[in-house]
Amino acid sequence: ILGLRVTIDFGSNFTLTGGLSFQTRESWSGFIDCDSQDIRYGGKDAEIYFETDDLDGFLEKLNQRDDIEYLHPLKTHDWGQRGIRFYDPDYHIIEVSETLPQVCHRFYEQGKTVEEISQLTMLSEKVVSKMLK
């Protein structure tokens with residue numbers, strides 16, 4: 001779904017592009033010296049965050065699946081960034097949002113000035129100007 005690929009696979013743990021690693025419950029419990037039953041999923045206390053330059057295209061791909069459980073539908077945060085959150089099979093929260101340069105460009109295309117974009121996004125005018133280049 002996220003377009004990542006496996007770079008190293010050791011069976012009980014594997015690493016994806018970008019350095020994201022996954023463990024089986026059993027291998028993780030061995031690494032942190034606890035009983036595997038003490039590992040809980042779905043705590044809603046953390047997320048794995050990704051950004052995309054094509055959020056609408058990602059949403060189309062996501063909507064073609066019937067095995068996605070959403071935490072919430074597409075939402076626009078107070079600073080203007082659009083994103084969606086859903087669960088992976090172990091109930092970890094995955095967030096996929098548009099990049100901040102995309103947010104700045106969207107606001108600019110709507111006719112907003114650098115100063116207005118800065119106020120909306122809470123980014124400095126210097127950062128906004130850089131993102132608009």
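Which residue forms a salt bridge with Arg82? Glu98 does, with the closest N and O atoms 3.5 Å apart. A salt bridge here is a side-chain nitrogen of Lys or Arg within 4 Å of a carboxyl oxygen of Asp or Glu. The model is predicted: local features need pLDDT of at least 70, side-chain atom pairs count only at pLDDT 80 or more, and totals for chains, interfaces and linings use all residues. Residues are numbered from 1 along each chain as its sequence is written, and side-chain values use heavy atoms, without hydrogens and water.

The Glu98–Arg82 pair links distant parts of the chain. Glu98 sits in strand β7 (residues 93–98) and Arg82 in strand β6, 16 residues apart. Strand β6 spans residues 82–87. Helices (H or I, at least four residues) and strands (E, at least two) are DSSP runs, numbered from the N terminus. Both Glu98 and Arg82 are buried. Buried means under 20% relative accessible area, exposed over 50%, and partly exposed in between (1.4 Å probe, protein chains only). Glu98 counts as buried because its relative accessible area is 4%. Arg82 has 15% relative accessibility, so Arg82 is buried as well.

Glu98 also meets Arg106 in a salt bridge (2.4 Å, N to O). Arg106 is partly exposed, at 21% relative accessibility. Asp56, Arg82, Glu98 and Arg106 are linked in a network of salt bridges. The side chains of Arg82 and Asp56 make a polar contact at 3.2 Å. Such a contact is a pair of N or O atoms within 3.5 Å; within protein, one must be able to donate a hydrogen and the other to accept it, and residues adjacent in sequence count only if both atoms are side-chain atoms. Beyond neighbours within four places in sequence, Arg82 is in contact (heavy atoms within 4.5 Å) with residues including Leu74, Lys75, Thr76 and Ser97.

The structure holds six salt bridges. One of them joins Asp67 to Arg65, with the closest N and O atoms 2.7 Å apart. Arg65 is partly exposed, at 40% relative accessibility.

Helix α4 covers residues 114–121. Its buried residues are Ile117, Ser118 and Thr121. They lie on the same side of α4, because they cover an arc of only 105° around the axis. The arc is that of the directions from the helix axis to the C-beta atoms. The cover over these residues includes α3 (100–109) and α5 (125–131). Met122 follows α4 and has a positive phi, near 70°.
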